[in-house]
Amino acid sequence: MDAKGSDPLEEEHEKVVESEEPFDLDELLPAIGEFGRYQKLLLWLICLPACIPCGFCAFNQLFMTDVPEDYWCKIPELQNFSVEERKLYGIPTVERDGAEEFSKCTRYAVDWKALLAENDPSTIAPNSSWPVELCRDGWDYNSSIVMSSIVIDYNLVCEYDIYPTLGLVALNTGGPIGVYLFGMLNDRAGRRMAYFCCLATLLFGSFITAASSSFWMWAFSRVIVGLTIPAVYQIPFIIALELVGPNYRSFVTVMTCTFYTFGLMMLAGVTYLIRDWVELTLYTSVPFLLYFLYLFIMPESPRWLLMKGKLEEALQVLEKMAKVNGKQFPVAFKNKLQKRVQAEKDRTVKREEVTIGAFDLCRTPNMRLKTILITLNWFVNETVYLGLSYYGPSLGENQYLSFFLSSLVEIPSYVVCWIIMDRYGRRWPMCMLMILGGISCVATVVLPDDAVMETLFLYLLSKSMISASFLIIYPFAGELYPTQVRGVGIGTSSYIGGLGLIVIPFITYLGKENLVLPLVIMGCVSVAGGFTGLRLPETLHNRLPQTLEEGELFGQDWTFDDCFRCIPVKKSPAGSYENLSHQPSDTALELNSAVPLVNGCRGSGGGAAGSGAGYEGPSSTEKTPLEIARLRRQSMKRLVRQASTMDTQKTADGAMQLTYWF
């Protein structure tokens, strides 16, 4: 010891542990404002409006591919005749649903030049014995309702009618690729850079869409647009989440979903007013050029800046936040950051990181089963939700009104599920919503063909339920996966779930022949997913696992009776995995036995292993009072909250990451 009685070893130990401990910005936010004027201005003026381009550019494609109600083969020699004469002379009739109508895909195979040269047109009468051929000169369209679409411009009917579906597949194929690419940019270059690059890519793809001269050029442009969906929605959402306190993340999440839905409702109005597909593309993209003005006011996420060691920039954002919120910025936090940066510079031996991958989720039986069920339910929710969104305009008598209503019903479902999650938990509401929503879809099969409004009502009921269950699956999955693998688990499940979006356009394509068939298929998938979800353990009022070992134990005692337990049983907080502060002061041995868990694999984020894996104390069995106090403080910082906080995958420093969540 020195003259002042301090132990150099303990001082060095203090520096090592403090430098390895991740920053917890949630400790600072109560002092400078968890949801003050700064966050409110940011949320209402920047982050929420920034979500609108995603919905506009993801669903405007549904109205670019409108199919006219009536079309027939084009015969160049008969173009000088009236529409009725062209159809009467050149188009054979077919029987459909007990009535005679003109064929849409065939015409009489006769030499019209010779026939018109030899006969007076008024004396020509169609003969059913004439040979028939497929359309070879394109089609004529009745444009009284659908005045413009890529179907008309590129002749995507009859044997080419699957091409608009391929366009949706192209859009959804770009999504997983874009989330990966912009996810890397988001983590390496920052949230601001990632958002504006994403927005520029979205606008570039939209301009190519408007300038397309062929279907394949149009489809290529939709892949470019798809690269930005849903990343262009998630990045401002992440900025908002990282700037508010934990108590307000649920509110921010619900408001972001609600504002996104408002954007879809606005899109229904725009598509009703703008019927030309090229103009529609421009009206739903060009106004977002104004968003580049956000370059002057959108802040970088301080969590990301802290994670990258950009101390001065992070302090500028945080001090400005405190000033706008009318708070005094704590000097102690600034000093702590400076010590951390200096400690990182002085460090000669870097701590070892334990890499956790997706395969680690499947090494033990209970964790493997939960991973499969979470991924399956994510796949079902995401696929059915987007499938119903795509199918909305096909139902009812007015496609614009149907799309508006299908978006409107999402808003009350968000509010309801936000309320019921803290009362009835996550598992039971999610599963019941999926099952009841699926039954509503399947019930459409018993309705007569002319029951248009009844079918629309059941569809809207199902859409509201699957929207609510889709909102629940996100925090539910975040609580089921242990903290050690939360980022990897959510990323894996959501990515696999997003792959279902490539298949769903083909299911909606089946509705061309049978209107309710896609609803029945999606309903059956939803019901099956709801029943499998009942096997998952409830997380409300339960202690949440932090490591893979604890994750294997969590839910291992599941019984069949748990399926019928609607209201979760409250658990005593004394047994929480991390609530070490409830232990008596004389139970140092118990604290010491927990050290390998805390130091070895517990992190505050989703993808990192532990914050102290590279350091061992003076003894493997004995810990100093300083270490015990440090462990207790770290444990209290990571104490699990049991509220419906919409969590997302994070790094070890608390910076949030992109995930494929539509």
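**Figure 1. Burial and secondary structure across the predicted model.** Buried residues, those under 20% relative accessible area (1.4 Å probe, protein chains only), make up 55% of the 662 residues in the protein. The protein has 28 helices and six strands; these are DSSP runs numbered from the N terminus, with helices (H or I) of at least four residues and strands (E) of at least two. This is a predicted model, in which local features need pLDDT of at least 70, side-chain atom pairs count only at pLDDT 80 or more, and totals for chains, interfaces and linings use all residues. Residues are numbered from 1 along each chain as its sequence is written, and side-chain values use heavy atoms, with hydrogens and water left out.

**Figure 2. The largest nonpolar core.** A nonpolar core is a set of buried Ala, Val, Leu, Ile, Met, Phe, Trp, Tyr and Cys residues joined through side-chain atoms within 4.5 Å. The largest one has 123 residues, and Phe59 and Tyr195 have the most contacts inside it. Helix H22 (residues 452-480) supplies the largest share of this core, 14 residues. Tyr195 touches Ala50, Val232, Ile235, Pro236, Tyr291 and Met298, not counting residues up to four places away in sequence; contact means heavy atoms within 4.5 Å. Apart from this core lies another, of 20 residues, among them Ile150, Val151, Cys158 and Trp218.

**Figure 3. The packing of helices H19 and H22.** Two packed helices are described by the angle between their axes and the distance between the axes. Helix H19 (residues 399-408) and H22 pack at an angle of about 35°, with axes 9 Å apart; the axes are lines fitted to C-alpha atoms over the stretch in contact, and angles run from 0 to 180 degrees between N-to-C directions.

**Figure 4. Two residues with positive phi in one loop.** Most residues other than glycine have a negative phi. Asn155 lies in the loop between helix H8 (150-154) and helix H9 (163-188), and its phi is near 55°, a positive value. Cys158 is found in the loop between H8 and H9, and the phi of Cys158 is near 55°. Because its relative accessibility is 25%, Asn155 counts as partly exposed, a class between under 20% (buried) and over 50% (exposed). Cys158, at 11% relative accessibility, counts as buried.

Figure 5. The peptide bond from Ile229 to Pro230 is cis, with omega near 10°. Pro230 is placed in the loop between helix H11 (215-227) and helix H12 (231-243).
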